[in-house]
Amino acid sequence: MAKTLTDLPISGFVAQEVAFSQLFGRLTASAKQAIRHEVVEPAVNAEHFPSNNQFCLITVLGHSDRVDTAGLSAEQRRAQELDASDKRARSAGTWVFDQIAAALTAAGQTPPASVANSTNFDIVTVPCGAADLVNVVPTSEAQRAQNRRVQFVISTFTP
């Protein structure tokens with residue numbers, strides 16, 4: 001069985017931002033190319049050439065910065081962190097699916113109506129809250145932006 005694994009973190013969400021398309025618009029050309037090449041392309045290839053018997057799993061981990069708002073209980077802070085990370089992961093997953101569908105359409109294929117209807121790829125989203133901070137005690141907005149990220153974990157394999 002041939003398999004590959006790619007881990008691509010993309011950080012830089014501003015405070016309260018959850019839409020991946022907004023973050024993508026601000027990324028460098030090389031970061032945009034990495035997402036297209038390492039995240040979108042493997043799924044497009046797997047779906048476009050089913051006879052190759054290749055499969056692709058895209059796991060999108062959503063991350064949040066810590067919520068330090070005074071007056072909130074620990075449970076309220078965790079709930080806000082989890083909600084933001086969930087929205088980021090879902091938004092990135094939807095964005096990736098839209099890119100895969102557009103690429104398949106451009107290649108002359110009818111894309112699946114949803115991820116559930118795909119044959120050779122899947123997209124799974126996982127909210128992580130603030131459980132895996134890059135900067136545990138952020139001292140600047142730049143460090144907080146590093147904590148606010150999505151992480152694409154791409155597994156491709158052939159049985």
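Rings of Phe, Tyr and Trp (its six-membered ring) pair if their centres lie within 6.5 Å; planes under 30 degrees apart count as stacked, over 60 as edge-to-face and the rest as tilted. This is a predicted model, in which local features need pLDDT of at least 70, side-chain atom pairs count only at pLDDT 80 or more, and totals for chains, interfaces and linings use all residues. Numbering starts from 1 along each chain as its sequence is written, and side-chain values use heavy atoms, with hydrogens and water left out.

**View 1. The aromatic cluster of Phe20, Phe24, Trp95 and Phe152.**
Ring pairs link these four residues. A pair of aromatic rings is described by the distance of the centres and the angle of the planes. By the ring rule, the count comes to six aromatic pairs. One of them joins Phe20 and Trp95, edge-to-face, at 5.1 Å centre to centre with 65° between the planes. Phe20 sits in helix α1 (residues 20–26) and Trp95 in helix α3, 75 residues apart. Helices (H or I, at least four residues) and strands (E, at least two) are DSSP runs, numbered from the N terminus. Both Phe20 and Trp95 are buried; buried means under 20% relative accessible area, exposed over 50%, partly exposed in between (1.4 Å probe, protein chains only).

**View 2. The ring pair of Phe20 and Phe152.**
The ring centres are 5.7 Å apart and the planes stand at 85°, so this pair is edge-to-face. Phe20 belongs to helix α1 and Phe152 to strand β4 (residues 149–158), so the pair ties together parts that are 132 residues apart in sequence. Phe20 is buried, with a relative accessible area of 0%. Phe152 also counts as buried, at 0% relative accessibility.

**View 3. The crossing of helices α2 and α3.**
The axes of α2 (residues 29–48) and α3 (residues 74–106) come within 9 Å and cross at roughly 55°. Axes are lines fitted to C-alpha atoms, for helices over the stretch in contact, and angles run from 0 to 180 degrees between N-to-C directions. The two helices are therefore oblique to each other. Angles under 35 degrees count as roughly parallel, over 145 as roughly antiparallel, 65 to 115 as roughly perpendicular and the rest as oblique. On the α2 side, the contact is made by Ile35, Val39, Val40, Ala43, Val44, Glu47 and His48. On the α3 side, Trp95, Val96, Gln99, Ile100, Ala103 and Leu104 take part. Contact means heavy atoms within 4.5 Å.

**View 4. Val96 and its surroundings.**
Val96 lies in helix α3. Val96 is buried, with a relative accessible area of 0%. Neighbours within four places in sequence aside, Val96 is in contact with Val39, Ile58, Ile123 and Phe152. Val96 and Glu38 are 58 residues apart in sequence and 11 Å apart in space, C-alpha to C-alpha.

**View 5. Positive phi at Gln16 and at Asn53.**
Most residues other than glycine have a negative phi, and most peptide bonds are trans. Gln16 has a positive phi, near 70°. Gln16 lies in the loop between β1 (2–11) and α1. At 76% relative accessibility, Gln16 counts as exposed. Asn53 has a positive phi too, near 55°. Asn53 is found in the loop between α2 and β2 (55–62). Asn53 is partly exposed, with a relative accessible area of 36%.
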